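Please open the model in your viewer and keep the sequence beside it. The tour below goes from one selection to the next and says what is found at each stop.

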Amino acid sequence: MNRYIFFRTDRIGDFLLSAILIKSIKRNDPSGHITVVTSQKNYNFVKTFKYVDNTILYPEKLFDRFKFFLNLKKNKYYLSCVMDGKKRSIYANILLNSNIKIICTYKTIHKFLFGFFFKKTLVDSEYSTKLNEIKAILKILNYNFEDSDLNLLSDR
C-alpha cells in the first residue's frame with residue numbers, strides 16, 4: 001500500500017484545488033493511504049472528504065511541532081507533497097522518508113534553495129493553470145487525470 005502525505009496548511013479554498021489531485025490519486029491507487037496536514041482553518045472541512053484517510057492538524061506550539069516532526073519521520077511515504085508552499089511544510093518534507101518529494105510554490109527561489117531535496121519543484125508561473133500543475137504531478141506518478149476528478153463536492 002502506497003502512503004501519500006500532502007501539506008495544505010492554509011485555507012479551505014486552497015485545499016479544494018489540492019483535492020482535485022488527491023481525488024485523482026485515490027482513483028488511480030484505491031488502496032493508497034492519503035494523509036493531509038492542515039491548518040485550524042481547514043481541518044474540519046478536510047476531514048469530510050472520503051478520499052482523505054487521515055487528517056493531521058499542524059501544531060501551533062513549538063514543542064508540539066517537534067513531536068509532530070518525530071511522528072512523521074517514523075512513516076515511509078511513496079509521495080510527500082508541499083501544496084501550500086510554506087517554509088514550515090518544506091522543512092518538514094525534507095525530513096520525511098519519501099520516495100518522491102514535490103513542492104508546489106509561487107516562489108522561483110524555492111527551486112534553487114530546496115531543489116536538491118525534492119524530485120520536482122513546480123513553480124506556479126511555469127504553468128498556465130493549476131490544473132496543468134496537477135496534471136504534471138500525476139504524470140510524475142504515472143497516473144492519469146479524468147474530468148470526473150473535478151467533481152469534488154458531489155461525492156464527499
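Begin by selecting Glu146 and Arg27, whose side chains meet in a salt bridge at 3.5 Å, N to O (a salt bridge being a side-chain nitrogen of Lys or Arg within 4 Å of a carboxyl oxygen of Asp or Glu). The pair links distant parts of the chain, with Glu146 in the segment after α6 and Arg27 in helix α1, 119 residues apart. Before going further, note that this is a predicted model, in which local features need pLDDT of at least 70 and side-chain atom pairs count only at pLDDT 80 or more, while totals for chains, interfaces and linings use all residues. Residues are numbered from 1 along each chain as its sequence is written, and side-chain values use heavy atoms, with hydrogens and water left out.

Glu146 is partly exposed, with a relative accessible area of 34%, and Arg27 is partly exposed as well, at 27% (buried means under 20% relative accessible area, exposed over 50%, and partly exposed in between, with a 1.4 Å probe and protein chains only).

Next, select Glu133 and Lys130, which form a salt bridge whose closest N and O atoms are 3.0 Å apart. Both lie in helix α6, three residues apart, about one turn of the helix (helices are DSSP runs of H or I with at least four residues, strands are runs of E with at least two, and both are numbered from the N terminus). Glu133 is buried, with a relative accessible area of 3%, whereas Lys130, at 29%, counts as partly exposed.

**One side of a helix**

Finally, select helix α4 (residues 87–95), where Ser89, Ile90, Ala92 and Asn93 are buried. Which side of α4 do they take up? They cover an arc of only 165 degrees around the axis, which puts them on the same side of α4 (the arc is that of the directions from the helix axis to the C-beta atoms).
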